[in-house]
Amino acid sequence: MKQYLAGIIGSGLLALTACSQPPATPEAIEPNPSSFSADALARTLSEAIRFETIAEADNPQASRAEFDAFRAWLAASFPLVHAQMNPQDILHGSLWYTLEGANPALDPIVILAHQDVVPVEPGTQDQWDYPPFAGTIADGYVWGRGALDMKGFLVTVLAAMETLLEEGFAPERTIHIGLGHDEEVGGTGAQAMAAQLEAQGRRAWFVLDEGGSSFDNFPITGGPAGLIGVGEKGFLSVEVTARARGGHSSTPPPETAIGLLSRAVNAIVDNPFEHSIDHPIPDMMRALAPEMDGMAGFVMARPGLFGSTLRGQLMEDDATRATIGTTIAPTIISGGSVDNVLPQEARAIINLRLHPRDSSASALAHLRANVAHLDGVTVEPAGSISEAPAISPTNGRAWEIIAGAAVSHLPEGAPVVPNLLAGATDSRAFKNVADHIYRYVPMRMEMEDLSRIHGDDERIRTDALPGMVSYFRTVISEAGMEG
Ligand SMILES: [Zn+2]
């Protein structure tokens, strides 16, 4: 990122006459804290971690007893939520809670969290400082699988709701909380929740799910920042097949299946998808600009003027390039098995992560056009396809609440930055019923902690938990009372 800034500084004099737009970080919203202590919340989270709610794609019922026990624990731990929000079982595992608002004409809000966690990779158990399903509270952290992804979020959002109900909270707008049971292995629970809303002819005002987070040491600025995912990428794998004459390798034809496949893969990789700076990159730049010194800040505040320079810099790094275009990654190749026999067929799998500007259909058409000159080559979709949802707005009241509450729960002056996630979340299932989908976990973490998600020694800071409850209380009460 240092390089990135150095490049920006070289940009033209034109900017001297330009005005910048205001930064994207919105006004802070008055926090609505609860009296929950960090210790009490840590104990609740510790209990939640002890349920081994591991989802398995091939055998959805494998952990059924753990999920059943976890749901009984949820009912006992959050009695008002369970008494007043009519928990509905969806697909034998997901839970959909509803607190009816006084005004049924208002679109509901939806907050999503998933109950399932990924397994601990066999053989890595010993690398954990504390056993992954013990929920140990030590050294200022709650340790265990799911602490970050995402039982910390789940427990604090339910604690927020429980305390609001205790206080007699009666919203104007309906509040839904959806707890998926299989986010890590496909997210059929979230799909069924969204389908139910759609079947009722309803739309959500906004959806809030995991994805972004707040960091104490954001690399670009070196200080705290909140990152809110306003979009995520889609997923498409294709199988490229090349067919040619087989036979003995002593008399090969000019074009063999493997030669043809190589040319097809190269034709695809050499013709990348569009990479350009559009929403939310300019807002991201403007949110960060006040944190940057001198010319770098001046340029970042004016992404419209310096678009081509900024694009050039983003293209240089694999991680930033992936945020502005659809990526192409050949991941599997096969063909032939004996050294003196020509295979009649050779195949490659290419994985694409779709930028929201490309649909799976338009991406497939792009790939096919690039191999159209190669006789004997076909490109077909392989496996499940996930379209990228449209990028959500970074203006309007829903954004002001989600991001404004983030501002009020971060250290003074920390920027709140919209970004595009490379990974996928359950919230994508709601793309037909919501225009505002935001992905933000209001926990305070260090960048290094990211590797603990799905890795060893997953843990969450105990002192971050009350702030998370406060964040959710702020968002739910503000949005719930919004007429
Ligand atoms: Zn997750």
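1. Helices and strands are DSSP runs, numbered from the N terminus; a helix is a run of H or I with at least four residues, and a strand is a run of E with at least two. In this numbering, P280 belongs to the loop between α7 (257-269) and α8 (281-288). The model discussed here is predicted.

2. P280 deserves attention for its backbone. The peptide bond from H279 to P280 is cis, and its omega is near 10°. Whereas P280 is in a loop, M150 is placed within helix α5 (residues 147-166).

3. D139 is found in the loop that lies between β4 and β5. As background, most residues other than glycine have a negative phi.

4. β4, β5 and β17 make up an open sheet of three strands in the order β4-β5-β17, and the pairing is antiparallel. Its edge strands are β4 (137-138) and β17 (459-461), each of which pairs on one side only. Strand β5 (residues 141-143) and β17 run antiparallel and are joined by three bridges. Within this pairing, V142 has I460 of β17 as its bridge partner.

5. A side-chain contact involves Y141 and R459. R459 lies over the face of Y141, at 3.7 Å from the ring centre. Y141 belongs to the range given for β5 (residues 141-143), and R459 to that given for β17 (459-461).

6. Another open sheet has four strands, with antiparallel pairing and the order β11-β13-β9-β14. Which strands stand at its edges? They are β11 (327-334) and β14 (377-381); each has a single partner strand, so one side of each is left without a neighbour in the sheet. On average, and with direction ignored, neighbouring strands of this sheet are turned by 25° against each other.

7. Strand β9 (residues 234-243) pairs with β14 in the antiparallel sense, over five bridges. Here V238 stands opposite P381 in β14.

8. Aromatic residues form the next topic. The structure holds 12 aromatic pairs. Ring pairs link F51, F70, W73 and F78 into a cluster. F70 also has a charged neighbour: K151 lies over the face of this ring, at 4.9 Å from the ring centre.

9. How many cavities of 30 Å³ or more does the count give? The count comes to one cavity, and the volume of the largest cavity is about 30 Å³. The residues that line the largest cavity are S214, A406, H409, L410, Y440, P442 and R444.

10. The lining can also be described by origin and by class. Strand β16 (residues 437-445) supplies the largest share of the lining of the largest cavity, namely three residues. By class, four of the lining residues are nonpolar, two are polar and one is charged.

Conventions
Residues are numbered from 1 along each chain as its sequence is written. This is a predicted model: local features need pLDDT of at least 70, side-chain atom pairs count only at pLDDT 80 or more; totals for chains, interfaces and linings use all residues. Side-chain values use heavy atoms; hydrogens and water are left out. Rings of Phe, Tyr and Trp (its six-membered ring) pair if their centres lie within 6.5 Å; planes under 30 degrees apart count as stacked, over 60 as edge-to-face and the rest as tilted. A charge sits over a ring if NZ of Lys or CZ of Arg is within 6 Å of the ring centre and within 35 degrees of the ring normal. On a 1 Å grid over the protein atoms alone, a cavity is a set of points where a 1.4 Å probe fits but cannot get out, and a pocket is an open set with protein on both sides within 12 Å along at least five of seven lines; lining residues have an atom within 4 Å of a point. Grid points are joined across faces, edges and corners, and a volume is the space filled by probe spheres set on the points. Ala, Val, Leu, Ile, Met, Phe, Trp, Tyr, Cys and Pro count as nonpolar, Asp, Glu, Lys and Arg as charged, and the others, Gly among them, as polar. Two strands pair if DSSP finds at least two bridges between them. Axes are lines fitted to C-alpha atoms, for helices over the stretch in contact, and angles run from 0 to 180 degrees between N-to-C directions.
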